[in-house]
Amino acid sequence: MSHDSDGHVVNGFARELRVGKLSPAQFVQVLETLHMLGTAGAGIDLSSLTTQALVDVVHRASRDQLKALADHPELRAVFLDEIFRRMSELFRPDRARHIDFVVAWRFPGGAGHDGYDRFQTVIEDGACVSSTHLSRTPDTTLTLSVDDFIRLATGTSAPAAMFATGRVKVKGEYAPAVRFSSYFDIPKPTGD
């Protein structure tokens, strides 16, 4: 397999992957294999995927495939960590001028003591930092499923629709939570 233009073979693999032909179990198995190769030091891992390649894979995945990913304890954690890691890279301080905002994220079905996976994102002083360290008092707490979060974070679902239909539950300030995704430069999915 040849390297993609950015030097990582995994991006070419993701581009050629026919996600629609995979069952949810096969989809998870492909991602498990990529993760296993990464942890084995093979130089092929999910963190090598460009954000564009990640967005395209999520865009082509079915709800059932993303639900299977979210239900897999190890891949769930890997994808959450990867998305939150990329937030600071995709953050556009010019779009968040004069914004100081703390978002607490709650994902049901998690490994936390209360059954949630939890993260916190802080936007202040022109920077964005996300972590599992929950030391700040949140302005808003957002509760949503991991599969919905993956779609939301990759721009494959409309944030306004997810809020309006109750797929994202908001406790605290509503308006900045709805505008949250506009503070990031999320790539648009490329052709199927």
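Me: Let's start with one side chain: is glutamate 89 buried or exposed?

Reply: Happy to begin there. This is a predicted model, and in it glutamate 89 is exposed, with a relative accessible area of 51%.

Me: Which residue forms a salt bridge with glutamate 89?

Reply: That would be arginine 85, and the closest N and O atoms of the two are 2.9 Å apart. To read such a contact, look for a Lys or Arg side-chain nitrogen within 4 Å of an Asp or Glu carboxyl oxygen. Arginine 85 itself counts as partly exposed, at 37% relative accessibility.

Me: Where do glutamate 89 and arginine 85 sit relative to one another?

Reply: Both are in helix 5 (residues 73-90). Because they are 4 residues apart there, about one helical turn separates them.

Me: Which salt bridge does aspartate 71 form?

Reply: Aspartate 71 pairs with lysine 67, and their closest N and O atoms lie 3.0 Å apart. These two belong to helix 4 (residues 63-71), where a spacing of 4 residues puts about one helical turn between them. Lysine 67 is partly exposed, its relative accessible area being 40%.

Me: And what does glutamate 124 meet in a salt bridge?

Reply: Its partner is the side chain of arginine 136, at 3.1 Å from N to O. This pair links distant parts of the chain, 12 residues apart: glutamate 124 is in strand 2 (residues 116-124), while arginine 136 is in the loop between strand 3 (127-131) and strand 4 (140-143). For accessibility, arginine 136 is partly exposed at 34%, and glutamate 124 is likewise partly exposed at 26%.

Me: Which residues do salt bridges with shared partners join into one network?

Reply: The members are Arg63, Asp147, Asp148, Arg151 and Arg167. For the overall tally, a search of the whole structure finds 14 salt bridges.

Me: Let's turn to strands. Which strands pair with strand 4, and in what sense?

Reply: Read the direction and the bridge count together. Strand 1 (residues 101-108) runs parallel to strand 4, and 4 bridges join them. One place to look is arginine 106, whose bridge partner in strand 4 is threonine 143. Strand 5 (residues 169-172) pairs with strand 4 in the antiparallel sense, over 4 bridges. There, threonine 141 stands opposite lysine 171 of strand 5.

Me: What about the faces of strand 4: are their residues buried or exposed?

Reply: Check each side in turn. Thr140 and Leu142 are on one side, Thr141 and Thr143 on the other, and all of these are buried, so both faces are covered. The cut-off in use is under 20% relative accessible area.

Methods: Residues are numbered from 1 along each chain as its sequence is written. This is a predicted model: local features need pLDDT of at least 70, side-chain atom pairs count only at pLDDT 80 or more; totals for chains, interfaces and linings use all residues. Side-chain values use heavy atoms; hydrogens and water are left out. Buried means under 20% relative accessible area, exposed over 50%, partly exposed in between (1.4 Å probe, protein chains only). Two strands pair if DSSP finds at least two bridges between them.
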